Amino acid sequence: MITVHSNLLSMCTLALTQQDFFMLRLPLVFAILFMAVSAKAASAHEDSARQFVDLLRYEDQYSKYHDACIQTHRAVSPHTLVAQNPNYFRGIRPGDKQWPAIVAAYEEYFLEACSRPTKSEFLEVLSASYAKMLSSQQLQDAIAFYSSGTGQALVSANTFATAEVYRVWPEINGKHLAKVTARFQAKIDRLAQSK
């Protein structure tokens with residue numbers, strides 16, 4: 001009788017353990033399913049944000065921004081900087097043996113400076129911003145509007161306006177940048193002399 005009682009107790013403990021095992025695992029299964037559904041919803045939301053960014057032609061705006069950066073470089077040449085401050089390149093001037101190396105280094109510097117953000121970095125920040133600020137429904141509504149004739153006309157007008165800003169940017173910024181850079185360099189020279 002003791003053996004039967006002991007076996008019955010073991011079977012009940014085993015049954016309880018299996019039931020507890022499944023009860024403990026059930027919330028975990030639901031949590032995993034919820035995360036999978038949430039991830040799919042988040043992915044769809046992020047896809048909508050990317051679609052919206054594509055629809056607004058931000059890629060074109062990035063190209064205009066990048067071109068404006070390069071044009072600013074051309075507006076503020078090493079020759080302009082030396083004209084503003086003869087010691088800008090530590091006394092190296094046009095006609096000196098090292099001048100071609102200075103021009104090449106300046107070109108390399110500006111191209112590298114204009115290389116960031118990359119197009120993908122630029123577009124990803126925009127997509128992430130729209131995904132953060134707009135609900136899925138708002139994104140879908142915006143996509144519907146900007147897919148319409150009026151929406152596309154607005155996108156074209158915005159692209160044109162942005163292109164105009166970037167067209168005049170290098171000229172305005174280039175003149176200003178040369179003066180500001182010369183003042184900055186003069187300040188550095190004064191600080192270096194006061195050591």
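Modeller: Rings of Phe, Tyr and Trp (its six-membered ring) pair if their centres lie within 6.5 Å; planes under 30 degrees apart count as stacked, over 60 as edge-to-face and the rest as tilted. The structure holds 12 aromatic pairs. This is a predicted model, in which local features need pLDDT of at least 70 and side-chain atom pairs count only at pLDDT 80 or more, while totals for chains, interfaces and linings use all residues. Residues are numbered from 1 along each chain as its sequence is written, and side-chain values use heavy atoms, leaving out hydrogens and water.

Colleague: Why is the pair of Phe-52 and Tyr-130 called edge-to-face?

Modeller: The centres of Phe-52 and Tyr-130 lie 4.8 Å apart, within the limit of 6.5 Å. Their planes are 85 degrees apart, and over 60 counts as edge-to-face.

Colleague: What makes Phe-52 count as buried?

Modeller: Buried means under 20% relative accessible area, exposed over 50% and partly exposed in between (1.4 Å probe, protein chains only). Phe-52 has 4% relative accessibility, so Phe-52 counts as buried.

Colleague: Which residues of H4 are buried, and which are exposed on the other side?

Modeller: Helices (H or I, at least four residues) are DSSP runs, numbered from the N terminus. In H4, the buried residues are Trp-99, Ile-102, Tyr-106, Phe-110 and Cys-114. Pro-100, Ala-101, Glu-108 and Glu-112 are exposed on the other side of H4.

Terms used:
Helices (H or I, at least four residues) and strands (E, at least two) are DSSP runs, numbered from the N terminus.
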